[in-house]
Amino acid sequence: VVFTHQLPPVRTVDWVVAVHGMNTTGAWQEAFSWKISTTWGQSIPVAIYKYGIVIAGVIVAWRRRKLQRELRVKFAVLEKEARKRGFNGKPDLITHSFGTWLIGHLLEDELKREPGDRLRFGRIILTGCILRPDFDWARIKNGGLVDDVMNHYGTADLVVPCAHATIWDSGPSGRRGFDGGEVINVRAAGMGHSDLFSIDRTLTDGRTA
């Protein structure tokens, strides 16, 4: 006897952008892009955005805003290129560490633009997130900028508290999750800042992180 359960089709992933954190070359992005390309059984474009090594610059306001503006320009260019090639859906995002700060504040600034000029995204996955736990995701979602947000956080993340102490308008959501019900918080017990993307790290049930 075979039991089946009829479910609606899963959401189609059109294209993806990965944004890494600071002081890293984002090696996890190559591995993650491979996983994405092989998971859905079809070719899914993955854009890997890298802004180089940033050390003390993140504590300087003008440097953070410059990185944010450059990221916004890159998103706009990618969106135009994607549409030319027939990828008309909203991109999904995977972000890590300082990349989460850039994305969060970029979205806040998008709300200041006219609705027709705003960047819009599908699902966002946050890892090692340094946004405030009370970040106003409800306003972002109500503005139509994001469909869903998942925050995958590690309880042994030692970097997030340091970021919270040095980067303006940041917080420990990558250590304890977001407040409210707008974000899906996924707790990873015992995992650190970059373990969620480690190829060598294995979860207790045998799944790779």
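Reader: What should I know before I start?
Author: It's a predicted model, so local features need pLDDT of at least 70 and side-chain atom pairs count only at pLDDT 80 or more, while totals for chains, interfaces and linings use all residues. Residues are numbered from 1 along each chain as its sequence is written, and side-chain values use heavy atoms, with hydrogens and water left out.

Reader: Which residues is Leu106 in contact with, leaving aside neighbours within four places in sequence?
Author: Contact means heavy atoms within 4.5 Å. For Leu106, the partners are Gln68, Leu71, Arg72, Phe75 and Leu119. Leu119 is 13 residues away in sequence, and the two C-alpha atoms are 9.4 Å apart.

Reader: How do I read a cavity, and what lines the largest one?
Author: On a 1 Å grid over the protein atoms alone, a cavity is a set of points where a 1.4 Å probe fits but cannot get out; a pocket is an open set with protein on both sides within 12 Å along at least five of seven lines; lining residues have an atom within 4 Å of a point. Here, Trp15, Phe75, Glu79, Pro91, Leu119, Arg120 and Phe121 line the largest cavity.

Reader: Which residues line the second largest pocket?
Author: Those are Trp15, Pro45, Val46, Ala47, Leu78, Glu81, Ala82, Arg85 and Phe87.
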